[in-house]
Amino acid sequence: MKLVGETLTFETIDPSNLSHQKALHALSKSGGDYLGNLSTAVMNQREDKITGNDYLVLSMDKIIGYLGLSAEVETSIGKTSSLYYGVLESEYGKGYGSKMLKEILPILKENTDLKVLIANVDKTNHYSLNTVAKAGFVAAFEDEEDIQFQRHVR
């Protein structure tokens, strides 16, 4: 499945594609413990839904990052999905993180009935804290380690 944003493309991960595996390995190294080892993870591949899938993110046909969306969960605030993202180290500082988060929102609004998108960020990860804030996410909860950010889809 390919999802097309304004300037980015979100392509479901093909575990048999060598360039996908190479990118996942590089993302795992630059993402530290947050993303874990993406190259050995079982990628969700649900053809019937956008949520519950893992995507490589491309800019002009070049892989620049990763975006994962959890399956939808019914909560007291409506249907929610958590997102996970990472940018290849070679693409740091180019604004791709917030661009990915901004460009997935209209796709979700048009193709799902999600109400809220959630991003959990480690309090010490200042780059991710800035990224989610630039993408319009608002802090909702926090504990000793993480801050949960939310962004309304509709």
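Reader: What makes the pairing of the S59 and Y96 side chains a polar contact?

Author: The two side chains lie 3.5 Å apart. A polar contact is a pair of N or O atoms within 3.5 Å; within protein, one must be able to donate a hydrogen and the other to accept it, and residues adjacent in sequence count only if both atoms are side-chain atoms. The pair therefore meets the limit.

This is a predicted model, in which local features need pLDDT of at least 70 and side-chain atom pairs count only at pLDDT 80 or more, while totals for chains, interfaces and linings use all residues. Residues are numbered from 1 along each chain as its sequence is written, and side-chain values use heavy atoms, with hydrogens and water left out.

Reader: Why is S59 called buried?

Author: Its relative accessible area is 13%, and buried means under 20%, exposed over 50%, and partly exposed in between (1.4 Å probe, protein chains only). S59 therefore counts as buried.

Reader: How do you know that the buried residues of α3 share one side?

Author: In α3, the buried residues are S128, L129, T131 and V132. They cover an arc of only 165° around the axis, so they lie on the same side of α3; the arc is that of the directions from the helix axis to the C-beta atoms.

Reader: Which exposed residues does the face of α3 turned away from its buried side carry?

Author: That face carries H126, Y127 and K134.

Note on methods
Helices (H or I, at least four residues) and strands (E, at least two) are DSSP runs, numbered from the N terminus.
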